[in-house]
Number of protein chains: 2
Amino acid sequence: MEFQTVDKKNLSKQVIDEIIGLLQSGQLKPGDRLPTEMELMTMCNVSRSVMREALSSLEAMGIVNRKTRKGTFFSDRIGSEPFSIMLALSSGNLKSILETRISLELGFVTLAAEKITDEDLERLNATVEAMKEADGDYTATDKEFHEIIAHSASNPLLEAMIGPVLNLYDKTLEQISTNQKNPEITIGHHEAIYEALKEKNPVKAYQAMYTHLSYVRDKALRGLKERQ
Amino acid sequence: MEFQTVDKKNLSKQVIDEIIGLLQSGQLKPGDRLPTEMELMTMCNVSRSVMREALSSLEAMGIVNRKTRKGTFFSDRIGSEPFSIMLALSSGNLKSILETRISLELGFVTLAAEKITDEDLERLNATVEAMKEADGDYTATDKEFHEIIAHSASNPLLEAMIGPVLNLYDKTLEQISTNQKNPEITIGHHEAIYEALKEKNPVKAYQAMYTHLSYVRDKALRGLKERQ
DNA sequence: TTTGTAATTTTGTATGACAATTAAATTAAG
DNA sequence: CTTAATTTAATTGTCATACAAAATTACAAA
């Protein structure tokens, strides 16, 4: 006869669960104000320290925002913090960052092909046109293109992931600092992706995105090699 | 003339960054023991309260584990906690859960097609065979199939995401409780995915997985509708 | 009515005390 | 000498209290 060890949670973790439960149950909504620390500690019957530990954790995860004298509020949207941290901890090298990006963006573009709105299609097209007109650095426009696609998936969780991924990619690339940009190729790829999305064709969009990101990957890895 | 507001971080957030920096800089490795709370508070020149808030946050995110009398250790692997919480907060309905799953798994399977090892191929095949032999519930085996694929992408971050996604999916489906299972179709899909992975063909693997998960989605949504 | 100051509210930080957990050290028993 | 039992100690866990900081609100004076 063997007893399973009981996984005891400390009080602050239990409080975290309770507070998240307020959101999940619909008692409070994103953007709503929570009771004050003093009220919460009484409600949960724990010390203020425990409550602060729980709230600090929730704030680090972007689930709440706390402001002196105003109070503590649930965030309006799923924050990028948790994923940013996971990314920061995982980012061993450029290759794995690129692969993470590929993996996520291929999924995003598939959903986008199913669900993209005319408005987002126009915004996408605008970035393609802006890139054609751009004289110098088109990184921001390039990034915007990818962000619109993630947004088009109409899924707040997925959308919360694109920012951290692209930021980490940009940051890593800066450190390598290869300035071999081929705007024509990138623009061509973006156009192909755009056309596939316009047709609402997931497989075609996937293939266009995979081609694009594989090219980005190969170029970056080549640049890395030449740098050594 | 406009001044940008300075984004001031409180002390516990600053301490979090410093501790994560220990990992990123390689000073400490996953699994290593951190200094004690008392030592850390001296090193960082903050009170014990602030240090505990920071450590509680790190523990809530699965980055460290703390044990009475033993100390505080960096986790061996990227935890699922951050992503679990993001998922918990985002999970409005079955449709969005299904879409999240589709998006992520399509990316995973693409990378898996590039990188899968013979060993993982064998394990995949074993699950397909196990499902053929299964008399009753093959949920665990089905889940394992998908987990192996995520593992095959050989990316710790992506691998940390599959567990929470599948758990949430299972949990949501339980609540719907439609018992319309077609093992033959699922097995057929798994076989097609397996064959594509064996050929190391990303596009084919993607298409097979997309077909499978679209079927899963349609069936679940149909079941949901019939339940209302 | 506007401006300046004081009061207030809520979060932020520090300190000290004690509790709880659990490993290590010491003592006692066979 | 070995094993078992007890005590001690190390580290995290919780609580309480005090004060600081930030920033809004209320009140008084011009």
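## The surface near DNA strand D

Sorted by class, the surface near DNA strand D holds three nonpolar, eight polar and nine charged residues. Here Ala, Val, Leu, Ile, Met, Phe, Trp, Tyr, Cys and Pro count as nonpolar, Asp, Glu, Lys and Arg count as charged, and the others, Gly among them, count as polar. This is a predicted model, in which local features need pLDDT of at least 70 and side-chain atom pairs count only at pLDDT 80 or more, while totals for chains, interfaces and linings use all residues. Residues are numbered from 1 along each chain as its sequence is written, chains are lettered from A and ligands numbered from 1 in the order in which they are written, and side-chain values use heavy atoms, with hydrogens and water left out.

DNA strand D is surrounded by 20 residues, and the closest are A:Leu11, A:Ser47, A:Arg69, B:Arg48 and B:Arg69. Of the atoms of DNA strand D that come within 4 Å of the protein, 56% belong to sugar and phosphate. A residue is near a strand if one of its heavy atoms lies within 4 Å of that strand.

Which elements each supply at least two residues of this surface? They are H3 of chain A, together with H3, strand S1 (64-67) and strand S2 (71-74) of chain B. H3(A) gives the most, with three residues. Helices (H or I, at least four residues) and strands (E, at least two) are DSSP runs, numbered from the N terminus.

## The surface near DNA strand C

Around DNA strand C there are 20 residues, of which A:Arg48, A:Arg69, B:Ser47, B:Thr68 and B:Arg69 come nearest. Sugar and phosphate make up 56% of the atoms of DNA strand C that come within 4 Å of the protein. By class, the residues of this surface are three nonpolar, eight polar and nine charged.

A phosphate oxygen of DNA strand C is 3.0 Å from a polar backbone atom of A:Glu37, and a phosphate oxygen is 3.5 Å from a side-chain N or O atom of A:Arg52. The side chain of A:Arg69 has an N or O atom 3.2 Å from a base oxygen of DNA strand C. Two or more residues of this surface come from each of helix H3 (48-60), strand S1 (64-67) and strand S2 (71-74) of chain A, and from helix H3 (48-60) of chain B. H3(B) gives the most, with three residues.

## Domains and nonpolar cores

Chain A is divided into domain 1 (11-74) and domain 2 (81-227); such bounds come from an automatic or database domain assignment. The centres of these two domains of chain A, taken over C-alpha atoms, are 36 Å apart.

A nonpolar core is a set of buried Ala, Val, Leu, Ile, Met, Phe, Trp, Tyr and Cys residues joined through side-chain atoms within 4.5 Å. The largest one has 100 residues, and A:Phe83, A:Met161, A:Leu197, B:Phe83, B:Met161 and B:Leu197 touch the most other members. Leaving aside neighbours within four places in sequence, A:Met161 is in contact (heavy atoms within 4.5 Å) with A:Phe83, A:Leu104, A:Phe108, B:Phe83, B:Met86, B:Leu104 and B:Met161. Another core, of 44 residues, lies apart from it and includes A:Leu22, A:Leu28, A:Ile85 and B:Ala54.

B:Arg101 has its place in helix H5 (residues 94-115) of chain B. B:Arg101 is buried, with a relative accessible area of 4%; buried means under 20%, exposed over 50% and partly exposed in between (1.4 Å probe, protein chains only).

At 17% relative accessibility B:Ser96 counts as buried, and beyond four places in sequence B:Ser96 touches A:Asn155 and B:Ser90.

## Two positive phi values

Most residues other than glycine have a negative phi. B:Arg69 is not a glycine, yet has a positive phi of about 75°. B:Arg69 is found in the loop between S1 and S2 of chain B. Is B:Arg69 buried or exposed? B:Arg69 is exposed, with a relative accessible area of 82%.

B:Lys200 also has a positive phi, near 55°. B:Lys200 is found in the loop between helix H9 (183-198) and helix H10 (202-227) of chain B, and counts as partly exposed at 40% relative accessibility.

Terms used. A polar contact is a pair of N or O atoms within 3.5 Å; within protein, one must be able to donate a hydrogen and the other to accept it, and residues adjacent in sequence count only if both atoms are side-chain atoms.
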